[in-house]
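Here are some notes for a colleague reading this structure for the first time. Please keep the model open while going through the points.

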Amino acid sequence: MTERQLVETIPSVKGRYNLQSYESAYSTFRWDEIKTQFTWHQTGNCNLAYEAIDRHAQGSLKNKTALIYEDDARKEKYTFEQLSQISNRFGNLLLKLGIGQGDRVFFFMPRNPEIYTGIIGTIKIGAIVGPLFEAFMEGAVLDRLADAEAVAIVTTSALKQRIPRDKLPHLKYVIVVDEQEQWLPGEIDYRQEMAEASDELDIAWVDLEHPFILHYTSGSTGKPKGVLHVHGAMIQHYITGKWVLDLQDDDIYWCTGDPGWVTGTTYGIFAPWLNGATNLIRGGRFSPERWYQTIEDYKVTVWYSAPTAFRMLMSAGDEVARKSDLSTLRHVLSVGEPLNPEVIRWGMKVFGKRIHDTWWMTETGAHMIVNFPCMDMRPGSMGKPFPGIQAAIVDDQGNELPPYRLGNLAIRTPWPSMMRKIWNNPAKYEEYFRLKGWYISGDSAYRDEDGYFWFQGRVDDVINTSGERVGPFDVESKLVEHPAVAEAGVIGKPDPIRGEIIKAFISLREGYRETPELLEEIRLFVRNGLSAHSAPREIEVVGKLPKTRSGKIMRRVLKAQELGLPTGDLSTIED
Ligand code: PRX
């Protein structure tokens with residue numbers, strides 16, 4: 001991209017938005033002013049969970065519904081006061097086990113109310129939450145718990161089978177939330193302990209720099225890395241919830257993200273509750289009918305989802321959408337992958353509303369570049385930097401590039417919700433900040449002359465399938481553990497619904513022959529070892545993989561070949 005192109009604009013719609021003018025907010029913004037909203041602003045002794053729940057429970061929102069939970073089996077509602085009491089009990093349960101500040105407590109469950117109250121309770125005692133996807137299989141669970149040296153995990157009787165306790169010497173307690181017949185040593189009966197625990201809890205008052213959550217995410221090399229965030233992130237959770245999600249007193253807010261993913265914590269837990277909003281959580285699987293019905297049943301007003309979900313709804317057809325009353329929706333947002341202009345146009349048709357794209361990452365902890373309701377929207381653009389955030393396109397030396405030049409999407413450091421550490425890996429952390437004063441995102445993008453940012457792709461080989469970040473190295477390592485696989489190279493292949501799918505190229509060991517059964521077995525091997533979303537949807541057997549002379553598999557060559565594109569510079573290839 002080198003010059004201005006004609007772009008489509010969808011004008012802002014007038015309304016009572018919390019943010020009325022982007023330009024004036026951007027020019028006058030100060031993080032220090034946002035801090036005055038919090039009870040701790042003079043002492044600096046804080047607790048994110050207290051601000052999100054207890055402050056409201058002790059004030060005028062005491063009896064307001066904080067959580068509406070629904071799945072195919074359970075339908076429940078909790079007020080701020082109830083959430084405060086249940087999370088206090090959970091905090092006491094942990095304290096009784098001798099768990100305290102800085103200890104890592106993991107959550108490995110399908111979505112249910114207990115995850116939400118458990119996460120809040122864990123943060124209240126100053127411990128660190130480690131959320132996992134329920135889809136993780138043994139290998140994925142082991143990698144994360146071992147790296148974090150977790151002391152406890154909260155899970156179900158079904159999922160606990162995937163926790164290899166014999167390989168986890170630090171893991172003292174497995175807290176099981178449902179009933180089971182046999183209790184093994186070290187297993188804690190959640191129901192019984194919660195029934196006995198007190199509603200009153202001594203909250204841990206911590207420093208703004210005290211950690212509260214560790215989200216594991218993938219890069220292009222090595223095992224998943226633990227991204228650590230601190231209580232001070234609440235400043236940004238709060239103000240982005242207010243201005244970007246535009247949460248107001250009477251909203252019913254639904255974020256479809258699972259807490260295993262940062263969207264499901266920052267915007268599925270903290271931002272809505274810091275703003276005192278009613279937060280709807282839907283468990284269970286994706287289904288267009290039920291999702292639309294959920295909007296109608298609960299009169300959802302603000303809805304935050306992801307491009308893959310919107311594309312699946314789009315492909316289910318407009319008929320399905322028309323069966324439910326979606327007229328309560330007043331604000332719709334998207335995150336995780338590029339939002340196609342076509343999907344925005346479809347959204348205008350079925351919701352009568354713009355879908356607002358937001359760009360950020362696990363590492364940034366909260367929104368960075370967004371579309372505000374008060375802003376004209378350019379479909380295909382991620383929008384503009386949040387006030388207080390300075391974003392730029394820089395070259396590999398850290399020099400800022402002019403409009404329309406493609407380069408590294410970078411953010412000027414620091415900001416309140418910026419990650420503070422990669423767990424056990426300071427070198428990895430430093431890599432993000434290698435260009436002085438900038439955080440380097442790993443995304444490539446350009447900026448137009450009016451300050452809108454346009455996402456182009458990843459700089460590295462990280463795959464984004466249905467919004468899930470998958471590291472090719474992780475999948476390759478699992479593939480070569482299979483006895484039939486000699487070598488493996490894994491790429492993201494463009495897909496109209498999922499953004500990308502995982503495609504694996506493998507070569508077979510002597511004595512193995514390619515059959516559909518063998519390929520299926522290999523696919524299941526990855527699925528059962530890592531997780532469903534890491535399993536390659538396509539596997540192609542090749543004689544030999546393109547490698548550098550030092551033996552590194554050249555994924556970009558595989559990708560170019562797959563897409564029928566020029567393979568580029570091959571000077572480092574083996575032969
Ligand atoms: O490549 C970008 C893509 O998702 C990556 C971050 O993934 P993750 O840490 O799992 O967090 C996603 C939820 C915050 C980014 O580096 N990505 C995220 N949002 C967008 C996006 N790509 C294009 N447009 C977006 N709005």
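1. For the classes used below, Ala, Val, Leu, Ile, Met, Phe, Trp, Tyr, Cys and Pro count as nonpolar, Asp, Glu, Lys and Arg as charged, and the others, Gly among them, as polar. With these classes, the shell around the ligand has eight nonpolar, eight polar and five charged residues.

2. This is a predicted model, in which local features need pLDDT of at least 70 and side-chain atom pairs count only at pLDDT 80 or more, while totals for chains, interfaces and linings use all residues. Residues are numbered from 1 along each chain as its sequence is written.

3. The ligand is surrounded by 21 residues, of which the closest are Trp359, Met361, Thr362, Phe455 and Arg469; a residue is near a molecule if its C-beta atom, placed from the backbone, lies within 6 Å of it. The elements giving two or more residues to this shell are α9 (262-274), β14 (355-359), β20 (438-447) and β21 (453-458), where helices (H or I, at least four residues) and strands (E, at least two) are DSSP runs numbered from the N terminus.

4. The protein is divided into domain 1 (23-447) and domain 2 (462-563), with bounds that come from an automatic or database domain assignment. The centres of the two domains, taken over C-alpha atoms, are separated by 30 Å.

5. In domain 1, 23 residues are in contact with 20 residues of domain 2, contact meaning that the C-beta atoms of two residues, placed from the backbone, lie within 7 Å. On the side of domain 1 that touches domain 2, α6 (138-148) and α11 (307-316) are the elements that give two or more residues, and α11 provides the largest share, five residues.
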